[in-house]
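Keep the viewer open and follow along.

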Amino acid sequence: MDIGFIGLGLIGGSIAKTIRRVHPDARIIAYNRTASVLNDAVRDGTVDEACWEISGAFSSCDYVFLCTPVVTMLRQLKALKPYLRFGAIVTDVGSTKQGIHQAVHELGMDGCFIGGHPMAGSEKTGYENATDRMIENAWYILTPSDDVPLKKVSEFSAFISSLGALPLIMKASEHDYVTAATSHLPHIVSAALVNTVRELDGPEEYMRTIAAGGFKDITRISSSSPQMWQEICLANEDDLCIVLDRFIRKLTDFRFAIRNGNGEKLLEYFTECKTYRDSFSDDVRAGIRKENRIYLDIADRPGALAEVASVLAKNDISIENIGIVHNRDFEQGVLHIEFYDPEARTKAVKVLKENSYSVYEDK
């Protein structure tokens with residue numbers, strides 16, 4: 001396969017790296033506005049051919065991924081059109097779909113476009129933070145244009161599945177409504193919560209000082225690119241306003257119950273929430289990846305963290321992420337470690353306990 005990338009940021013870079021890992025014989029061609037990113041991608045072996053403009057180099061591609069902001073993506077789609085070979089598929093990774101589909105229709109490209117949205121990411125940005133596991137076990141929504149042959153849709157869906165993602169096909173309008181509630185609204189809620197605390201905090205900044213645990217978890221995504229989320233909100237105006245209206249009513253319900261001391265109603269709200277959230281938290285196919293995570297206590301002395309890493313490395317156990325827990329709200333232990341799969345997690349628990357560490361497991 002020849003696969004093209006226009007844009008090598010966090011998502012584009014992660015998909016390209018995943019393809020390189022899963023399909024090592026694929027030939028990857030890439031264009032990126034920043035030359036240093038292209039040089040890095042060639043140097044680390046992800047990209048075979050770097051392009052300094054959108055040109056005939058893309059004419060051999062079976063698939064071309066558009067991985068730039070929506071504003072520039074539309075311009076690049078037009079530039080790409082003359083170089084597409086017959087049978088090639090163009091896809092994107094944007095968070096909204098109706099706008100790009102409209103542009104595709106106006107360009108007469110309905111027969112070769114399958115919209116895409118990997119439901120994965122990070123508060124970090126850029127190729128330097130891209131990983132070859134970013135989309136693993138994540139929903140990857142596909143929104144094929146009506147004129148794309150069913151065979152092509154099936155082939156591309158199988159390709160996405162081969163990368164470890166979970167393809168889910170729906171209409172562009174359905175995508176924008178669903179993601180307004182499950183992806184776009186959480187970023188707005190997170191931003192509103194952070195700004196509320198910022199405005200309420202006094203000169204001593206006690207709120208910022210003690211903000212941790214649940215507060216940090218729910219507001220982590222507020223560190224994402226402000227410009228990107230500005231574009232997403234404006235691109236999904238109608239669906240997002242519908243969802244926001246419902247959310248505002250829910251907040252009003254909570255306020256009314258609190259003001260009137262209605263403990264029974266509050267318990268009902270929180271119970272409904274817990275029941276629904278618990279129904280999908282352990283199911284990777286529910287769109288929330290279950291983290292293969294453990295916690296453990298370690299001594300507060302130099303070298304303690306290195307000793308844990310050494311024990312795991314000697315037993316051939318790879319670590320996906322490791323960090324210090326600075327606040328113990330809802331968490332046990334002082335160190336958290338995440339692994340790539342349940343087998344590694346199980347093996348790590350056994351090895352660490354054998355080395356006299358107190359290990360706490362997520363249930």
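Start with helix 6 (residues 172-200), which lies across strand 6 and strand 7 and runs at about 145° to strand 7. Some housekeeping before going on: this is a predicted model, so local features need pLDDT of at least 70, side-chain atom pairs count only at pLDDT 80 or more, and totals for chains, interfaces and linings use all residues. Residues are numbered from 1 along each chain as its sequence is written, and side-chain values use heavy atoms, with hydrogens and water left out. Helices (H or I, at least four residues) and strands (E, at least two) are DSSP runs, numbered from the N terminus. Axes are lines fitted to C-alpha atoms, for helices over the stretch in contact, and angles run from 0 to 180 degrees between N-to-C directions.

Helix 6 also packs on helix 9 (residues 226-235), at an angle of about 125° and with the axes 11 Å apart. The two helices are therefore oblique to each other; angles under 35 degrees count as roughly parallel, over 145 as roughly antiparallel, 65 to 115 as roughly perpendicular and the rest as oblique. Helix 6 passes helix 9 in a left-handed crossing (left-handed if the near helix is turned anticlockwise from the far one by less than a right angle, right-handed if clockwise). Where do they touch? S183, H184, H187 and I188 in helix 6 meet W229, I232 and C233 in helix 9, contact being heavy atoms within 4.5 Å. By class, that contact has four nonpolar, three polar and no charged residues. Here Ala, Val, Leu, Ile, Met, Phe, Trp, Tyr, Cys and Pro count as nonpolar, Asp, Glu, Lys and Arg as charged, and the others, Gly among them, as polar.

Eight strands form an open, mixed sheet in the order 3-2-1-4-5-6-7-8; two strands pair if DSSP finds at least two bridges between them. At the edges sit strand 3 (49-51) and strand 8 (166-169), each pairing on one side only. Neighbouring strands are turned by 25° against each other on average, direction ignored.

Strand 2 (residues 27-31) runs parallel to strand 3, and three bridges join them. Y31 stands opposite C51 there. The structure holds 13 salt bridges (a side-chain nitrogen of Lys or Arg within 4 Å of a carboxyl oxygen of Asp or Glu). One of them links E49 with R27, the closest N and O atoms being 2.3 Å apart. E49 is in strand 3 and R27 in strand 2, so the pair ties together parts that are 22 residues apart in sequence.

Another helix on the sheet is helix 4 (residues 98-106), which lies across strand 5 (89-92), strand 6 (113-118) and strand 7 (139-144). Helix 4 runs at about 165° to strand 6. Its axis and that of helix 3 (residues 70-80) come within 11 Å and cross at roughly 25°, so helix 3 and helix 4 are roughly parallel. M73, L74 and L77 in helix 3 meet I100, A103 and V104 in helix 4, a contact of six nonpolar, no polar and no charged residues.

Finally, look at helix 12 (residues 304-314) and helix 13 (residues 342-354), packed at about 120° with their axes 10 Å apart. That makes helix 12 oblique to helix 13, and their crossing is right-handed. V308, V311 and L312 of helix 12 make the contact with A348, V351 and L352 of helix 13.
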